[in-house]
Protein chains: 4
Amino acid sequence: MAPLNENQLNQKKAERKEQIMRAALKVFADNGVKLTKISMIAKEAKVSHGLVYHYFDSKDEILYESIEWGTEENRATQVFNDLNESGKSPLEKIKAFTQFAFSESDRWVTQSVFRIMQHLNETNGLPDHINELVNNAGQFYIEALSPIFREGQKFGEIIQGDTEELLGIYLTVLSGIMADDPSFWKENTEWKVEILSRMISAR
Amino acid sequence: MAPLNENQLNQKKAERKEQIMRAALKVFADNGVKLTKISMIAKEAKVSHGLVYHYFDSKDEILYESIEWGTEENRATQVFNDLNESGKSPLEKIKAFTQFAFSESDRWVTQSVFRIMQHLNETNGLPDHINELVNNAGQFYIEALSPIFREGQKFGEIIQGDTEELLGIYLTVLSGIMADDPSFWKENTEWKVEILSRMISAR
Amino acid sequence: MAPLNENQLNQKKAERKEQIMRAALKVFADNGVKLTKISMIAKEAKVSHGLVYHYFDSKDEILYESIEWGTEENRATQVFNDLNESGKSPLEKIKAFTQFAFSESDRWVTQSVFRIMQHLNETNGLPDHINELVNNAGQFYIEALSPIFREGQKFGEIIQGDTEELLGIYLTVLSGIMADDPSFWKENTEWKVEILSRMISAR
Amino acid sequence: MAPLNENQLNQKKAERKEQIMRAALKVFADNGVKLTKISMIAKEAKVSHGLVYHYFDSKDEILYESIEWGTEENRATQVFNDLNESGKSPLEKIKAFTQFAFSESDRWVTQSVFRIMQHLNETNGLPDHINELVNNAGQFYIEALSPIFREGQKFGEIIQGDTEELLGIYLTVLSGIMADDPSFWKENTEWKVEILSRMISAR
DNA sequence: CATGAATGAGCTTTCATTCAT
DNA sequence: AATGAATGAAAGCTCATTCAT
């Protein structure tokens, strides 16, 4: 049979890469970059380790492309778009984001990126372009949440103080929790979200 | 010089072991267990890696004994004894503990154990006796803080709800933060402690 | 379009194989057998690596068939036929052959085989049938040049001594040089040929 | 028992390194750098592959240090010192050097370096410092032989022409031959040396 | 026929652990 | 007791070879 045409090929190739990147994000998020073995990614993606190298040049490359893919407009931004169009109050929006961060939805990709960043912040000796990407990804959340925090402070719904710093603390707490056993968070999520939001709510 | 007598020998041996365990706790806390190499512990303790194996049977054994040593009554409990004799209110005690957890005091041993537990919670495939020890060490903090929380709830100083769960959330948040770049917490510590305590304070 | 008939098919198939064998000879000659990757041959032949395996069973097989093809009567012999009909003196013939060996003519196939043999002489662990072929190919040059050397000795144009051994030395020198950067030989070729011929010229 | 003192340690360490470098030079010379596996060096040196990495950081490092060690004053220069003090005529010196180059003496180290350089000249993609070392090592032979060639030309014992180029051809021929099966050269060495020297002798 | 996806053996390198001194 | 030499399992990556399309 004749080979597939170019579109079909690209389609298939993209799907395969995505399959591997999904697996990579999951495993990187669970184990941290250094402790993640290619074999673990391969197993998670149900392919041979050789195939992983057919699509990616190196472990660093997998990490880079996976984070890049995981933070692409149409995925991560979606969450914030939904949020901004929801008509909720700033604090409600932050609670919703917190809820989302812990939810096991199909939006776990965003969550994984979040957790990987947590791991990477502790890691030294990564290539520059990876560090840059991680910083950018972190910046993304800051930029998306910053206006919400600011508005909340204006309305007196959120406590006063340096917005950036307050946001930084909140995100650190979130990412720190995610690094723990996520299953712990399955129960009573609403109450936990409520408690976390108390850190910043003015009352 | 005449050879040391048996007591002196044991004394010396114990000192050496302690020297290595101190180093181990520090390095384990900074890097996580898996990423800590024996050579890193040896370097931190200023001994050869061979000597480490003279005193300990394996890496797991170092971890086990180090945590055990770090949680022994006369060390970790000290912190809580001081707290309980301070005459502070429950919430103030919790703030003081939080403060301590982030402080770079000479009581870093307790802190290290805390951070190692954080790393270990993410790790699979550890020997059973290590897991048990980690759980015990976690239990130690829970048991020490539990009465304080309970008292705070009785006084209406701390929000209502399942005490164990509330404490669990609080500890998870703390250990999660510690896994982040600790230098971030050097600045503005008091404000940050204040914010964290807002999670549980009744107001 | 109607399918090709059997002759046309065989014709096409033969052309494809030749295309690959030409590429293989070139790449093998430049890099040595072990360091030549299938992908390099495929790229040189402008086909996919999969197609290479459609026509050949293995890398060894490519090597075998390529050398065989490259030493077939109607190709390699041509050089010596031309030489023998040239009316030159034996020493002149040898100089001409030497010249040819270094020239970048379209007769590079013969040259490549020559260089591959050089590489292979150093290699252990090749299948027997390959070793035999290499020996045969070496023998081919010896048989073609032997009468010329012998005649030169009879005429006193070439120094006395065991003809086979003298020829062996000369060929070893030539193939040794070829393994070097061939570009070095681009300049001053005639002088270099002259110097090499001095080894055997009686003067 | 107490550990060895520093001198003894350095002594032992140096001997071990030398043992490995000897093995490395031999194997590199026989197989070329790319095709030499660490396991081959380890086997030749009769040590584990792990130990090789105890003394050297990488394969490139082994290559670098081995060539460096093999070209150190007290080894390679010795040959030329002996030659210059021998009172031989220039052409006789060159024959002696040629003889030496093929001899299986304990001076094979120099010979190995010679052969490795031959292999390396064909190789691309080596680190800069290795390339530099190889060039230097090549330069070493050129500088040692250059005055001898020049003198021979002055005396009319060696043919006229660009000295450097003539020397270059001669060295290329020698190294080319060495890359061949050296056992071939075991027999009739004197005659072969005689023939090679004819390339440059004025007669 | 033609492509490139897919696999796994094998190589370089790291590091826990053992052992000679 | 103390050092660091020595070993080998395991991980990242390459590439010959097979196979689905």
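How many salt bridges does the rule find across the interface of chain A and chain B? Here are some friendly notes that lead to the answer.

1. This is a predicted model, in which local features need pLDDT of at least 70, side-chain atom pairs count only at pLDDT 80 or more, and totals for chains, interfaces and linings use all residues. Residues are numbered from 1 along each chain as its sequence is written, chains are lettered from A in the order in which they are written, and side-chain values use heavy atoms, leaving out hydrogens and water.

2. Contact (heavy atoms within 4.5 Å) joins 32 residues of chain A to 32 residues of chain B. The area buried between the chains (accessible area, 1.4 Å probe, lost on being put together, summed over both) is about 2,800 Å², with 62% from carbon and sulfur atoms. Ile169(A), Trp191(A) and Arg198(A) lose the most area in chain A, together 19% of what that side buries.

3. Back to the opening question: the rule finds two salt bridges across the interface (a side-chain nitrogen of Lys or Arg within 4 Å of a carboxyl oxygen of Asp or Glu). Lys192(A) and Glu165(B) meet in a salt bridge at 3.8 Å, N to O.

How values were computed: Buried area is the accessible area (1.4 Å probe) that two parts lose on being put together, summed over both.
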